[in-house]
Amino acid sequence: MTRLTLTTTLAGSLLCSVALPAAAETIGVSIPAATHGWAGALNFHAEQTVERLEEQYEDLDFVLTTTPDPGTQISDLEDMVATRNIDALVVLPFESEPLTGPIQRIAESGTWVTVVDRGLSQENIEDLYVAGDNESFGRTAGDYFVETLDEGSKVVVLRGIPTSIDNERVEAFQAALDGSGIEILAMEHGNWSRDDAFTVMQDFLSRYPEIDAVWAADDDMAVGAIGAIEQAGRQDEMWVVGGAGMKEMVQRVQDGDSMVPVDVTYPPAMIATAIELTAMGLMSDGVPMSGDFIIASELITQDNADQYYFEDSPY
C-alpha cells in the first residue's frame with residue numbers, strides 16, 4: 001500500500017490567510033499534453049475526474065486544457081483568468097521556472113491555486129501542493145543501486161525535463177550513492193521522452209565501454225534506454241531501473257526480466273487527488289484545505305509486482 005503524508009490546514013487556521021470563496025463556479029485545470037505514457041495516464045485521470053465531479057456538483061464547472069510547451073500553458077492560464085473568471089486553478093507546470101511568475105500573479109489575485117507534481121521555482125505561492133515524493137523516488141532507486149552493485153561499479157543517469165522535481169530526484173539519488181564507491185559516469189536530460197532517452201543512451205554507449213547499470217528517472221525513458229542498449233547488443237552488460245509504475249515495466253519485473261529487476265512507483269492518478277481536494281475545499285462550506293499531500297514511492301520487486309500491475313490502466 002502506498003504511504004501517504006497529508007498536511008492539512010483547516011478553516012480555523014486559515015483566518016489570517018487568503019480565504020476561499022463560499023462557492024466556486026469554475027475550476028481551471030491545466031496539465032501537459034500526453035507527450036509520453038505518464039502524461040497520457042495523467043490526462044486520462046484528469047478527464048475522468050472532471051466528468052465525475054461535474055455530475056456530483058451541479059454548480060461546479062471545469063475548464064480543462066492540455067499544453068505542449070510552457071508558452072502555450074501561460075497563454076491558457078491567461079485565458080482562463082480573462083475569459084472564464086476561474087475561482088480556483090489546478091496546474092501541473094510544464095516547466096517550473098517559466099510558469100512560476102504567471103502562477104504567482106494568479107495566486108496574488110485571490111484565486112485558489114493547487115500545484116501538482118512539478119513544484120514552482122519559488123516557495124509558498126500555491127495554497128495546496130499535491131505530488132509524489134520525489135526525494136523518496138530518487139532515494140529508493142539509489143538505495144537499490146547501493147544494495148545491488150559492487151564498489152567501483154559504473155552507472156549513467158537519464159534525467160527528466162529541467163524542473164524542481166527532477167532536481168529533487170537526482171539530488172536524492174546522488175545522496176543515496178554518496179560513499180558507496182559507485183561512479184556516476186554521466187547525467188543527461190532525456191526529457192521524460194522515449195525518443196530523447198534513446199538518443200542520449202546511444203551517446204552514453206558510444207562514450208563508455210563499461211556501464212553496469214542505468215538509472216532512468218521515468219519509465220518512458222527506461223524503455224528508450226533499453227531500446228538503445230538492445231540495438232547495440234549490450235543487454236547482457238547492464239540493467240535499467242526506471243520509475244512511475246508503467247504496466248509494461250511492472251510486467252517485466254513480474255516476469256523476472258534481468259534487464260528490469262525493479263521499478264519505483266510514482267502514480268499519475270495524483271491529478272485526480274488534486275482536483276478532488278480542490279473541489280472539496282471550494283464546494284464544502286467552511287472546510288478549505290491547504291498544505292501538502294505527498295505520496296511516497298515504493299520499490300516494485302518480483303515479489304510484490306502483482307500489487308502494482310493493473311491490466312486496464314492506460315499506463
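Q: Which domains does the lining of the largest cavity draw residues from?
A: Keep in mind that this is a predicted model. Here, the lining takes at least three residues from each of domain 1 (5-126) and domain 2 (134-264).

Q: What volume does the largest cavity have, and how many cavities are there?
A: The count is two cavities of 30 Å³ or more, and the largest has a volume of about 80 Å³.

Q: Which residues line the largest cavity, and how do they divide?
A: Among them are His36, Trp38, Arg118, Trp192 and Tyr266. The lining divides into six nonpolar, two polar and four charged residues.

Q: Trp38 and Tyr266 are both on that list. How do I read them as one of the aromatic pairs?
A: Look at ring centres and at the angle between planes. There are eight aromatic pairs in total. The rings of Trp38 and Tyr266 have centres 5.9 Å apart and planes at 40 degrees, so this pair is tilted. It links distant parts of the chain: Trp38 sits in helix 1 and Tyr266 in the loop between strand 11 and helix 9, 228 residues apart.

Q: Is Trp38 buried or exposed?
A: Buried counts as under 20% relative accessible area. Trp38 comes out at 4%, so it's buried, and Tyr266 is buried too, at 2%.

Q: What about the rings of Phe173 and Trp215?
A: Their centres are 4.2 Å apart and their planes at 10 degrees, so that pair is stacked. Phe173 lies in helix 5 and Trp215 in strand 9, so the pair ties together parts 42 residues apart in sequence.

Methods:
Residues are numbered from 1 along each chain as its sequence is written. This is a predicted model: local features need pLDDT of at least 70, side-chain atom pairs count only at pLDDT 80 or more; totals for chains, interfaces and linings use all residues. Side-chain values use heavy atoms; hydrogens and water are left out. On a 1 Å grid over the protein atoms alone, a cavity is a set of points where a 1.4 Å probe fits but cannot get out, and a pocket is an open set with protein on both sides within 12 Å along at least five of seven lines; lining residues have an atom within 4 Å of a point. Grid points are joined across faces, edges and corners, and a volume is the space filled by probe spheres set on the points. Ala, Val, Leu, Ile, Met, Phe, Trp, Tyr, Cys and Pro count as nonpolar, Asp, Glu, Lys and Arg as charged, and the others, Gly among them, as polar. Domain bounds come from an automatic or database domain assignment. Rings of Phe, Tyr and Trp (its six-membered ring) pair if their centres lie within 6.5 Å; planes under 30 degrees apart count as stacked, over 60 as edge-to-face and the rest as tilted. Helices (H or I, at least four residues) and strands (E, at least two) are DSSP runs, numbered from the N terminus. Buried means under 20% relative accessible area, exposed over 50%, partly exposed in between (1.4 Å probe, protein chains only).
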